[in-house]
Amino acid sequence: MSAPEKEREHTAPAAEGAPTRERSPVLQRFLDERAALVALGFLAVLVLVALLAPWIAPSPPQAMNLDAVSSPPSAAHWLGTDELGRDLLSRFLYGARTSLLAALQAVVVALVIGLPLGLLAGYAGGFADTVLSRVNDAVMAAPALVLAVAVVAVLGPGLSNAMLAIGIVFAPSLFRIVRGATLQVRGETYIEASRAIGCTPSRIVTRHVLLNIVPPVIAQVTILAGVSMLAEASLSFLGLGVRPPEPSWGSLLRDAFDNLYTAPYLVYAPGIAIGLTVLALSQVGDGVRSALSAGRGRSRT
Amino acid sequence: MRTLWRFVVAVPVLFVVVSFGVFGLVALAPGDPAVELAGQGASEAAIARVREELGLDQPLLVRYGDWLAHAVRGDLGTSIARKQDVGELLLSRLPATLSLAALALLLALVAGLVLGTLAAVRQGGVLDRAVSVFAAAGIALPQFWVGLILVVVFSLQLGWLPATGYEPIGEGVGGWLTHLVLPAVALAWLPAAELARHVRSATAEVLDRDHVLTARAKGLLTPQIVGRHVLRNAGIPVATVLGTRIAQLLGGTVVVETVFGIPGLGSLTVDSVLARDMPVVLGAVALATGVVLVINFLVDRSYGLIDPRTAEGARA
């Protein structure tokens, strides 16, 4: 994650005309990123599939069919069935909901913690910055998954707790981005101008700083969403996340693991889906970042 | 001097912050360990006695100080579920995890260097594209899933390697290695992928520099150029990636050990979490954090050895 950050340190002194109501240049450049657009399309389809799961799934996710236990993929069950005769395709589609929501929850937790603290550290500086940054370094120094497992140990297993843990563990990476971006924006002339005309710090932060750090935050959030998805899979696989029988892509892999000898075909779909989703999220993040790297230093306020 | 200062002050401070954080969390956890230990229907007095025995009637800071004072002397308390000394328990699980992590690191280093260099030498070639696909897959796929696929292919279908279990190296290198190959590959994939990407870009950049052009003009062959002039320059990204990935590698062992049934620290941590055996969880997290902090520090130090320009003073 350090290489892209370095890229963004470079500030292009773009000769800026008067702001118009046209599409923002960053958005325009993002739309030029083919891979990112394809990835965004994939994610949109995924969200749609997750929303429509009750209508498009062949059967309810918990419905058991004891006539078709551990049956390999067939016309009736495209992805096969598990040891209880549950249709994997149905569980997979419902699992998409759980996994996407879980990633969203972790990202929201990371945002709720990382964003305000990052703004505070970056804008206020001084003692608050020193303390927050040191704590941040410490949390980042610990192995994330081990730390998340420890937090789950305290909160008790369950998907919400697991994603809360993951959100807490990943908040520092967001804090760092927000702090860095805020530091950069704080030095801009328009902030000085706002201060000169008597804007209160809270107004400056919410009206000017916040708007200008949105793009790098979006880039980081997409990365975090991908990492959270992987973490959900890991924790659910370990039995610390989603509780059976509710399906998530991670818990489906746990089922596959438990039945690896009798039904190895169960292992493919959830893993590939996780891989593709994480890949798509990182493509979108890359797209946002490269759309930004040419257009840093402009103000939208 | 700066380095020494960092080692003596910064590393312990970071360690204290992390361990206090986890300790505090454990203390805030719902459920009273004294009630649980005293057993169902225990009287108030009995619970109070257990609480006093465990030192739970003391303020949090005192308890943490007590834990820390014992921890630095290697006394991490007693496991609740296993009734064993936590330090001994961790030590008994250490060889398996260390073997796994070391083998994975070695694999990642070799694969990352070889693939990254080859990709940089023939940019745009088949191998270059294969390496980017390999890297993208490594970053996007869950490690344990890679492990599951390896089990399906190499254990279930081909029958070449055992699917689970672990044999100490003392009982023969062969058995040790065959049990560790698959988990190590699963664990090495991600760092290898990242390493390959960084080595590729570092090498590609160096290949265009003047001293490499000179070497080429002198008639040196590509392997010689890469060996003498290029790899050294790729050292910094390699050290950086390895440093940041050590933590992830340790995290990865938690899941990979479960997949392959390896009795290491990772599976011990998971079991202890499920059993709510807090002394073990605390000890495992403290150990992992300590290891990562020391390794990060060593990686920082290695920059100066690889590239003297970055040594003392040059770095902010």
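## Salt bridges

Over all chains of this predicted model, the salt-bridge count comes to 4. One pair to look at is Asp255(A) with Arg91(A), whose side chains meet at 3.7 Å, N to O. This pair ties together distant parts of the chain: Asp255(A) sits in helix α10 (residues 249–258) of chain A, Arg91(A) sits in helix α4 (residues 88–124) of chain A, and the two are 164 residues apart.

## Where the chains meet

How many salt bridges run between chain A and chain B? The count there is 0. What the interface does have is contact: 39 residues of chain A touch 40 residues of chain B. The area buried between the two chains is about 3300 Å², and carbon and sulfur atoms give 83% of that.

## A helix pair in chain A

Two packed helices are described by the angle between their axes and the distance between the axes. Start with helix α7 (residues 159–186) of chain A and helix α9 (residues 201–237) of chain A: their axes come within 9 Å and cross at roughly 155°. An angle over 145° counts as roughly antiparallel, so that is how α7(A) runs relative to α9(A). By class, their contact has 19 nonpolar, 6 polar and 1 charged residues. As for handedness, α7(A) passes α9(A) in a right-handed crossing.

## Two helix pairs in chain B

Over in chain B, take helix α5 (residues 86–121) and helix α11 (residues 235–260), with axes that come within 10 Å and cross at roughly 135°. α5(B) and α11(B) are therefore oblique to each other, and their crossing is right-handed. On the α5(B) side, the contact residues include Leu100(B), Ala104(B), Leu105(B) and Leu109(B); on the α11(B) side, among them are Val238(B), Leu242(B), Ile246(B) and Leu249(B). The residues of this contact split into 11 nonpolar, 2 polar and 1 charged.

Then there's helix α7 (residues 143–157) of chain B with helix α8 (residues 173–207) of chain B, where the axes come within 9 Å and cross at roughly 140°. That makes α7(B) and α8(B) oblique to each other too, and α7(B) passes α8(B) in a right-handed crossing. From α7(B), the contact draws on residues including Val146(B), Gly147(B), Leu150(B) and Phe154(B), while α8(B) brings in Leu182(B), Val185(B), Trp189(B) and Leu190(B), among others. Which classes show up here? The contact has 10 nonpolar and 3 polar residues, and no charged ones.

Technical notes: Residues numbered from 1 in each chain as written. Chains lettered and ligands numbered in written order. Predicted model: local features only at pLDDT ≥ 70, side-chain atom pairs only at ≥ 80, totals over all residues. Heavy atoms only, no water. Axes fitted to C-alpha atoms, helices over the stretch in contact; angles between N-to-C directions. Helix = DSSP H or I, 4+ residues; strand = E, 2+ residues; numbered from the N terminus. Parallel < 35°, antiparallel > 145°, perpendicular 65-115°, else oblique. Left-handed = near helix turned anticlockwise from the far one by under 90°. Nonpolar A, V, L, I, M, F, W, Y, C, P; charged D, E, K, R; others polar. Contact = heavy atoms within 4.5 Å. Buried area = accessible area lost by both parts, 1.4 Å probe.
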